[in-house]
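I opened my notebook to look up a pocket and some helix packing. Here is the structure I worked from.

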Amino acid sequence: MGKVAVAFAAVAVVAACSVAAMMVGRRMKSRRKWRTVVEILKELEDDCDTPVARLRQVVDAMAVEMHAGLASEGGSKLKMLLTFVHVLPTGREKGTYYALHLGGTYFRILRVHLGAQRSYLDVQDVERHPIPSHLMNSTSEVLFNFLAFSLERFIEKEENGSISQGVKRELAFTFSFPVKHTSISSGVLIKWTKGFEISEMVGKDIAECLQGALDRRGLNMHVAALVNDTVGALSLGYYHDPDTVVAVVFGTGSNACYLERTDAIIKCQGLLTTSGSMVVNMEWGNFWSSHLPRTSYDIDLDAESSNSNDMGFEKMISGMYLGDIVRRVILRMSQESDVFGPTTSVLSDPYVLSTNSVSAMHEDDTPELQEVARVLKDLGVSDVPLKVRKLVVKICDVVTRRAGRLAAAGIAGILKKIGRDGSGGITSGRSRSEIQMQKRTVVAVEGGLYMNYVMFREYMEEALVEILGEEVSQYVVVKAMEDGSSIGSALLVASLQS
Ligand code: ADP
Ligand code: MG
């Protein structure tokens, strides 16, 4: 070989070595980056861990807080609000009734026709529309005029265009925000939640506001009851099955109510009802306990929300927030590694990732995770490899599993408070035989998160059995109530008339 050839060969070898070194370097760097995201995931898993022992601590804390909230006004973060509902629909109601439901995302209008037999419940013309976002921070006048206008259109449709004034229509107003009731048909707004911010409405009588708007439109309609959405769900549950004593909503937000003995409502001594009990609206979204597994993402989400230091439980378990927790994890991973490639600023927008999209990714059963790719693309993340898409599914799983399991602990806490968890409750003095006499207990559940996100529902139900044990679980029936909040509220109004 000539000198020149040797020199060429040497250069080629050096070049090949440096390319190889570069590739090894890159591979090592990319492995390091991958290790970073794996560590972030591991940290998330650890921080969201909910072993059954921890869930039991949450159960106990829920039951203790319920007691405290019933003992004195302001005694707990749980408001344990009186609803003035002490008789629930029996199935013997008859007539035609309306319900208007203002939820966190949707408003619904429907009509029920009842024929004095449980089997004769005809739910007619259910209308469901997203609440126009500008209404959430408008004025009470704008909001209620809109609701009255929507009701008018609903009735016009029912009557083919002309509204006969001779008929007085009885309406239930299902309102999914905390209200301090003074009677079943009146109560003032305590605070907004779920992103609503019409400050001048706090302290106003909600039923009066709606009645005023209906009167201004000349609609012959009477707001016969102001009903929390959970109480509506309980009413429908009870109508079908009188063993229903608890109702829980998992939708945009989350809340629960249950039937309590009046003598246990210590803060209202002397409260008398014909049934000896009253439905209590817990407003459990505001539940807090140091046993709740909180992550840095929860802390940041809360700090940046319009109601920080408020609704801590709701922010871990409900539809408005799960998507944003997942988004925050992905955002951090994309900032600390390049596994998501070059990202756009979309990922930094609060609430840009909805919980609907989280469930679509979580439940993506295509081999290539095409749904995950589609959702990520909408977030400005394109062409990520399959292993990164799998990582995203895992994040959805961790966040939703924690939510479902904590939701179950909340339910078990209520069962414990009323002595239906097989342990005899937290108050002593029950005899052994009483403890052993487990009653059948139905928990009515509704809300878009529960109805549509199968993995959330399965995690919740699985954890409930884990907490209660196989034997007691046999007596606890969880029943889904589609549109229960609105239908049940109409039934409640019907039961008031009979
Ligand atoms: P509202 O809270 O207005 O009463 P819903 O009870 O229908 O309304 O709950 C709507 C919320 O439920 C949505 O905002 C979303 O957070 C959640 N949700 C609805 N469908 C799904 C779904 N397929 N997957 C995950 N979450 C869902
Ligand atoms: Mg709802």
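How much space lies in the largest pocket? I looked it up in this predicted model. The largest pocket holds about 1000 Å³ of space.

**Entry: the pocket lining.** I listed the 48 residues that line the largest pocket. Closest to its centre are Thr 105, Gly 251, Thr 252, Gly 319 and Met 320. Next I looked up the elements behind the lining. At least two residues each come from β3 (106-115), β10 (254-261), α8 (319-336), α9 (355-362) and α13 (448-452). I then sorted the lining by class: 27 polar, twelve nonpolar and nine charged residues.

**Entry: α9 and α10.** I followed α9 from the pocket lining to its contact with helix α10 (residues 370-378). Their axes come within 8 Å and cross at roughly 150°. Angles over 145 degrees count as roughly antiparallel, so α9 and α10 are roughly antiparallel to each other. On the α9 side, Ser 357, Ala 360 and Met 361 make the contact. On the α10 side, I noted Glu 371, Val 372 and Val 375. The contact has four nonpolar residues, one polar and one charged.

**Entry: α2 and α11.** How do helix α2 (residues 52-71) and helix α11 (residues 386-417) pack, and at what angle? I found about 50°, with the axes 8 Å apart. That angle makes α2 oblique to α11. I noted their crossing as right-handed. Residues of α2 in the contact include Val 52, Leu 55 and Leu 70. Those of α11 include Arg 405, Ala 409 and Lys 417. By class, I recorded twelve nonpolar, three polar and four charged residues in the contact of α2 with α11.

Notes:
Residues numbered from 1 in each chain as written. Chains lettered and ligands numbered in written order. Predicted model: local features only at pLDDT ≥ 70, side-chain atom pairs only at ≥ 80, totals over all residues. Heavy atoms only, no water. Axes fitted to C-alpha atoms, helices over the stretch in contact; angles between N-to-C directions. Helix = DSSP H or I, 4+ residues; strand = E, 2+ residues; numbered from the N terminus. Parallel < 35°, antiparallel > 145°, perpendicular 65-115°, else oblique. Left-handed = near helix turned anticlockwise from the far one by under 90°. Contact = heavy atoms within 4.5 Å. Nonpolar A, V, L, I, M, F, W, Y, C, P; charged D, E, K, R; others polar. 1 Å grid on protein atoms, 1.4 Å probe; cavity = no way out; pocket = protein on both sides within 12 Å on 5 of 7 lines; lining within 4 Å. Points joined across faces, edges and corners; volume = space filled by probe spheres on them.
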